[in-house]
Amino acid sequence: MAINQSKEDYLEAILLLSKEQQFVHQIDVARKIGVSQPAVQKAIKNLKAEDLIEAEGLHIYLTAKGATYAEAVYTKHCTLKSFLISLGVAEEIAERDACEMEHALSPQTYQAIKNFVNKK
C-alpha cells in the first residue's frame, strides 16, 4: 500500500476490533473504517503482501510485525488525543483530530508531544 494513512487506518481498525471480539472479519473492518468490502479486500491483499496480516477464511489476524505497527499507531493516536484534551479540545473533536494528526506529524514533533503528555 502506497499511502501510509490508509495502511495505518486498516491496521488500527483490525487491532481495535481484535480487542473487542474473538474474530475479525472483512465486514467488521469495512464498517469500522466506513469503506466498501471490495476496498477492504484490496487492502487485505496489500497488507498480506507486507506481512502485516494473515487471513484464514473469513478471519483476519495481525502478524507480529503488524501488531507491533498497529500498537505504535494506536499509542500515537491515544497520546495525541490526550494532548488535545489537555488543551481543552472536546473529546469527540480530539478523537477526529488525533486520527488525522497521527499520520502527519514528524517523529520529532510527536516525541515532543509524547514527552509533554508523559510529564503530566
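At what angle do the axes of helix H2 and helix H3 cross? Hi everyone, let's start there. The axes of H2 (residues 26-33) and H3 (residues 37-49) cross at roughly 110° and come within 9 Å. That makes H2 roughly perpendicular to H3, a label covering angles of 65 to 115 degrees.

A quick word on the background. We're looking at a predicted model, where local features need pLDDT of at least 70, side-chain atom pairs count only at pLDDT 80 or more, and totals for chains, interfaces and linings use all residues. Residues are numbered from 1 along each chain as its sequence is written, and side-chain values use heavy atoms, leaving out hydrogens and water. Helices here are DSSP runs of H or I with at least four residues, numbered from the N terminus. Axes are lines fitted to C-alpha atoms over the stretch in contact, with angles from 0 to 180 degrees between N-to-C directions.

Back to our pair. From H2, Gln 26, Ile 27, Val 29 and Ala 30 meet Gln 37, Val 40, Gln 41 and Ile 44 of H3; contact means heavy atoms within 4.5 Å. By class, this contact has five nonpolar, three polar and no charged residues.

Now the second pair. H1 (residues 4-20) packs with H5 (residues 91-104) at about 125°, their axes 10 Å apart. H1 and H5 are therefore oblique to each other. Who makes the contact? On H1 we find Gln 5, Glu 8, Asp 9 and Glu 12, and on H5 Glu 100, Glu 102 and His 103. These residues divide into no nonpolar, two polar and five charged.

Key: Helices (H or I, at least four residues) and strands (E, at least two) are DSSP runs, numbered from the N terminus. Angles under 35 degrees count as roughly parallel, over 145 as roughly antiparallel, 65 to 115 as roughly perpendicular and the rest as oblique. Ala, Val, Leu, Ile, Met, Phe, Trp, Tyr, Cys and Pro count as nonpolar, Asp, Glu, Lys and Arg as charged, and the others, Gly among them, as polar.
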